[in-house]
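Let's take a friendly walk around a protein model and the molecules that sit in it. Have a look at the picture first, then read on.

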Amino acid sequence: MPMQKALKFTRSLLAVTITALAGVAIAEEPVKPIRPVQEINLAQVELGKKLYFDPRLSKSGFISCNSCHNLSMGGTDNLPTSIGDKWQQGPINAPTVLNSSLNVAQFWDGRAKDLKEQAGGPIANPGEMGFTHELAVGVLESIPEYVTEFKQVFGTDKISIDEVTTAIAEFEKTLVTPNSRFDKWLLGDKDAITADELAGYNLFKNSGCVACHNGEALGGTSFQKMGVVEPYKANSPAEGLSAVTGKDADRFMFKVPTLRNVEMTYPYFHDGAANTLTEAVDIMGRLQLGKKFSDQENAQVVAFLKTLTGDQPQFLMPILPPSSDKTPRPTPFN
Ligand code: HEC
Ligand code: HEC
């Protein structure tokens, strides 16, 4: 082989080997890149998007899913606990809806098995949207454009709560956030994160955070005790998984929250008691792992966590069909 050609061959062999090695490295990381949404029913998504933003699914005519899971703010309300019908103080922090399709179950205690089952909850929860499924469906049926759209999407003349929650859940499946800087790094772009951020990831990995925060969402896949090494003093009466299973051993077991977009989803923990990531990382280190991070280490872990912000959902603001003369009017003050 002439020199020139041999060199070229060696180089391409090297390139193949490096690519293969990088592939191995990615496969071994406990954190996986978020995949863009694959299969989706576009007609249901468009309808579900309207319903997600429609406050007429609440008694007051004022509260929509987006009130508490604001898609301009990381899918949360950035409040310790939410504000519901008649300005009621909610009992627990609103988790983000972003990437919620990756959760094993929904709610902090997992009491809804999937997004469809979950979506029926808030409409009829007296402390949230304060309505009933019958009244919500009645409102939709009084709006001719909704009747037409439900018919086009589901092929039925009568609107049902089942269709409402199916459409909302389908829309929520589109709320994934790929392309974070950390995902780019995982996929081989070594310049996508800084040395400090990488040091933070190594601390996150080697200290044991990944035992609970792993996979695509860095959470959402298991229920774990809050306060493994040291007990946690919560600002809320929530009991966690034991409320669902009735087992004492499940007391204070919560669904591990996703850490995707965590920079945007403050305040933290089920009671919303930690205002900053610095505080949340310090508490996690001490209570879950018995590890006290130095200020520098804490800053590095926080820097890493901020690389997990991905592409936020982008779409045109849905324009909602107007109520008709027959639409029951909201009663916000009684
Ligand atoms: C008044 C505020 C409020 C409204 C309105 C509201 N939610 Fe929530 N949402 C919450 C709170 C608080 C939780 C956590 C409750 C719990 O875990 O016990 C939650 C939980 C969720 C979850 C579970 C996420 C997870 O990680 O477990 C999803 C999904 C969700 N809501 C979607 C919706 C949809 C869809 C609507 C509209 C039909 C809606 N929410 C309306 C406050 C609200
Ligand atoms: C034993 C499992 C476990 C380990 C280990 C663990 N966590 Fe957590 N993490 C949880 C659980 C459970 C919660 C929710 C607790 C609650 O809200 O009461 C949580 C919550 C968080 C939150 C707040 C997220 C939010 O949206 O409220 C952050 C940030 C976090 N963990 C980071 C870390 C870091 C950094 C480490 C390593 C130092 C770590 N965790 C180790 C289980 C764990």
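## Before we start

This is a predicted model: local features need pLDDT of at least 70, side-chain atom pairs count only at pLDDT 80 or more, and totals for chains, interfaces and linings use all residues. Residues are numbered from 1 along each chain as its sequence is written, while chains are lettered from A and ligands numbered from 1 in the order in which they are written.

## Around ligand 1

Ligand 1 has 26 residues around it, and Cys65, Cys68, Pro95, Phe107 and Pro122 come nearest. A residue counts as near if its C-beta atom, placed from the backbone, lies within 6 Å of the molecule.

Helix α4 (115-124) and helix α3 (65-68) each give at least two residues to this shell, with α4 making the largest contribution, five residues. Helices here are DSSP runs (H or I, at least four residues), numbered from the N terminus.

## Around ligand 2

Ligand 2 also has 26 residues around it, the nearest being Cys209, Cys212, Met226, Phe269 and Met284. Two or more residues come from each of α9 (195-207) and α11 (277-289), and α11 has the largest share, six residues.

## A look at alanine 167

Alanine 167 sits in helix α7, residues 161-173. Is this alanine buried or exposed? Alanine 167 is buried, because 27 other C-beta atoms lie within 10 Å; the cut-off for buried is 20 or more, exposed means 12 or fewer, and partly exposed is in between, with C-beta atoms placed from the backbone.
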